[in-house]
Amino acid sequence: MPDVDTPDDLERITEPCPGCHARYLPGVLDEMHPYIGASPPCWATFGEVLAREFGDVAFGQVHRQTVDVYAVQHPGTDERRQRQSVALHLVGLCHWLEHDLEFDRLNAITQRMANEDRPWPWLTPPDAYAMTVGDILVARDGFEHVRLVRRWAESTWQAWSAHHAQVREWAAEALDARR
C-alpha cells in the first residue's frame with residue numbers, strides 16, 4: 001500500500017462507492033448486484049457483514065434491517081426496479097424505526113407492496129451518510145452488531161429526511177392494507 005500521510009493522500013489512492021460514497025482501495029473484484037448501485041469493494045464489504053449475520057444468530061437478528069439500510073444507501077439509477085427497491089426498503093426502515101414492526105410483519109408487508117403494480121417515483125438520494133456498511137464490521141459480538149445496525153439505520157433514515165412525508169404515507173397505506 002502506498003504511503004498515506006494526509007487525508008489528501010487517502011483520497012488520492014481510494015475510490016468512492018457510487019452509492020454510499022465511502023472510499024475504498026481499488027480492487028480487482030468485479031462482483032456486483034444487478035441493480036444495487038455499489039462499487040465492487042463496497043459490495044464485498046456488505047458480503048462480509050452478511051456472512052456474519054448468516055453465521056451467527058446473534059448477528060442475524062437484524063439481517064432484514066441490514067439489507068434495508070444497504071439498499072437505500074445504494075439506490076442505483078432511475079429505473080423501475082431501483083425506484084421500487086428504494087421505496088420498499090425505506091418503508092421497511094420507517095416501519096422498523098417509527099412503528100417498531102418485527103421481521104415477520106415487515107416481510108409480509110414488503111412482499112405485498114412488491115407485488116403491487118404501482119409507478120414508484122425516483123427519490124433523489126442524499127449526498128452523504130454518517131455511517132456506511134464498513135462501520136458495521138467493527139462489531140465484536142452480536143449485541144454490538146445489533147446496536148450498530150440500529151444506529152446505521154437511524155442515521156440513514158435521517159439522511160433521507162427530505163422524503164419522509166412520502167415514505168410515511170406509503171408506510172401508513174401498507175399498515176392500513178393489512179388490516
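Reply: One definition to begin: contact means heavy atoms within 4.5 Å. Note too that this is a predicted model.

Me: What pattern of helices and strands does the protein follow along the sequence?
Reply: The protein has eight helices and two strands.

Me: What share of the contacts with a separation of 6 or more joins residues 24 or more positions apart?
Reply: The protein has 179 residues, and 45% of them count as buried. Among contacts with a separation of 6 or more, residues 24 or more positions apart account for 63%.

Me: How is helix 2 oriented relative to helix 4, parallel or antiparallel?
Reply: Helix 2 spans residues 40-55 and helix 4 spans residues 63-73. Their axes come within 10 Å and cross at roughly 170 degrees. An angle over 145 degrees counts as roughly antiparallel. Helix 2 is therefore, relative to helix 4, roughly antiparallel.

Me: Which residues of helix 4 meet helix 2, and what is the make-up of the contact by class?
Reply: Helix 2 brings C42, W43, F46, V49, L50, E53 and F54 to the contact. Across from them in helix 4 are H63, T66, V67 and Y70. By class, the contact of helix 2 with helix 4 has eight nonpolar, two polar and one charged residues.

Me: Which element gives the largest share of the largest nonpolar core?
Reply: This core holds 47 residues, and those touching the most other members are C42, Y70, L90, M113, V133, V167 and W170. Two or more residues come from each of helix 2, helix 4, helix 5, helix 6 (103-114), helix 7 (142-159) and helix 8 (164-177). The largest share is nine residues, and it comes from helix 5.

Me: Which residues does C42 touch, leaving out those up to four places away in sequence?
Reply: C42 is in helix 2. Beyond four places in sequence, C42 touches C17, C20, Y24, Y70, H74 and V133.

Me: How many disulfides are there?
Reply: The closest cysteine sulfur to that of C20 is in C42, at 3.7 Å. A disulfide needs the two sulfur atoms within 2.5 Å, so this pair is too far for a bond. C20 itself counts as buried, at 3% relative accessibility. The disulfide count for the protein is zero.

Me: Is H99 buried, partly exposed or exposed?
Reply: H99 is found in helix 5, residues 80-99. Leaving out residues up to four places away, H99 touches C94 and L175. C94 is buried, at 0% relative accessibility. H99 has 38% relative accessibility, so H99 counts as partly exposed.

Me: How far apart in space are H99 and A172, C-alpha to C-alpha?
Reply: In sequence, H99 and A172 are 73 residues apart. In space, C-alpha to C-alpha, they are 10.0 Å apart.

Me: What is the phi of H21, and where does H21 lie?
Reply: H21 is not a glycine, yet its phi is positive, near 70 degrees. H21 counts as partly exposed, at 36% relative accessibility. H21 lies in the loop between strand 1 (15-16) and strand 2 (23-24).

Me: Is D100 buried or exposed?
Reply: D100 is found in the loop between helix 5 and helix 6. D100 has a positive phi of about 55 degrees although it is not a glycine. Its relative accessible area is 52%, so D100 counts as exposed.

Definitions and conventions: Residues are numbered from 1 along each chain as its sequence is written. This is a predicted model: local features need pLDDT of at least 70, side-chain atom pairs count only at pLDDT 80 or more; totals for chains, interfaces and linings use all residues. Side-chain values use heavy atoms; hydrogens and water are left out. Axes are lines fitted to C-alpha atoms, for helices over the stretch in contact, and angles run from 0 to 180 degrees between N-to-C directions. Helices (H or I, at least four residues) and strands (E, at least two) are DSSP runs, numbered from the N terminus. Angles under 35 degrees count as roughly parallel, over 145 as roughly antiparallel, 65 to 115 as roughly perpendicular and the rest as oblique. Ala, Val, Leu, Ile, Met, Phe, Trp, Tyr, Cys and Pro count as nonpolar, Asp, Glu, Lys and Arg as charged, and the others, Gly among them, as polar. Buried means under 20% relative accessible area, exposed over 50%, partly exposed in between (1.4 Å probe, protein chains only). A nonpolar core is a set of buried Ala, Val, Leu, Ile, Met, Phe, Trp, Tyr and Cys residues joined through side-chain atoms within 4.5 Å.
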